Amino acid sequence: MTLTKHSWDDYYKAVTRRPHDPMTEIAIAKNRSGSNVAVDAGCGAGTEAEFLAKVGYDVYAFDPEDGAIELCRRRFLANKNVKVFRDSFETFTYPKNGLFIAKSSLFFCDPKQFERVWSSIEQSIEPGGVFFGQLLGGDDSWQNTHVRHISKFSKQQALAKLSAFDLLEFKEVHQDGKTAVGTEKFWHVFTFLAIKR
Ligand SMILES: C[S@@+](CC[C@H](N)C(=O)[O-])C[C@H]1O[C@@H](n2cnc3c(N)ncnc32)[C@H](O)[C@@H]1O
């Protein structure tokens, strides 16, 4: 299945009122790094960023899409704990952090730059810090027609990437489903919660 020409704006509209992910709360509880800096990478509507700020994190939220940035700038206008950047995985300067969240976003990183990006993310997380992220599996039906890039991995590759971390959770979804805007697709996604050694 190809990624059809839906706009990210439809996605942001669909998810803006969604509550934060329960995994974000677990990630917060497991952060033993001593750092209260968090990164929400490919933040979209900023749902996780808002919750992180609410519980006291100093949040760096970035996304390359104008729609996401406009929405987040409005959402966090009066919230000094969230800094919003129009940026991408490939060019962002990662601050040292105790919590790194990449929810449904690493899928869209340029595969040619993925190793370098991953290494920057890994180095940015302090020992004892937490990485809550998702990677797309090889059987996922998305291909990069509408979006510029799709990065996919086998289970073995995904696990190998996490070798600098202790894994608290690693879940694989491999099933038919729908996107947030209701489009049918085959999902193959690895979701992980990992502590930096
Ligand atoms: C499915 S949305 C997820 C948004 C948010 N993390 C959430 O869970 O609701 C994917 C997001 O990744 C962003 N994105 C696409 N390419 C990206 C890149 N190269 N670097 C960072 N983010 C990217 C999109 O603009 C979009 O907001």
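Predicted model: local features only at pLDDT ≥ 70, side-chain atom pairs only at ≥ 80, totals over all residues.

**Exercise 1.** Work out how many helices and strands the protein chain has, and in what order the elements run.

*Solution.* Start with the tally: 6 helices and 8 strands. Now walk from the N terminus, and you'll read α-α-β-α-β-α-β-β-α-β-β-α-β-β. Next, check the overall build: the radius of gyration is 16 Å, close to the 16 Å that the globule rule gives for 197 residues, so the chain is as compact as a globular protein of that length. Along its principal axes, the C-alpha trace spans about 45 × 40 × 30 Å.

**Exercise 2.** Find what share of the residues is buried, and what share of the contacts with a separation of 6 or more joins residues 24 or more positions apart.

*Solution.* Take burial to begin with: 36% of the 197 residues are buried. Then turn to the contacts with a separation of 6 or more: residues 24 or more positions apart account for 71% of those.

**Exercise 3.** Sort residues of helix α2 into buried and exposed, then say what the buried ones pack against.

*Solution.* Step one: in α2, which covers residues 22-30, the buried residues are M23, T24, A27 and I28. Why do they sit on the same side of α2? Because they cover an arc of only 145° around the axis. Step three: look at the partners. The buried residues of α2 pack against helix α3 (47-54) and against the strands β4 (97-102), β5 (125-137) and β8 (184-196).

Key:
Residues numbered from 1 in each chain as written. Buried ≥ 20, exposed ≤ 12 C-beta atoms within 10 Å, placed from the backbone. Helix = DSSP H or I, 4+ residues; strand = E, 2+ residues; numbered from the N terminus. Arc of directions from axis to C-beta. Contact = placed C-beta atoms within 7 Å. Rg over C-alpha atoms; globule rule 2.2 N^0.38 Å.
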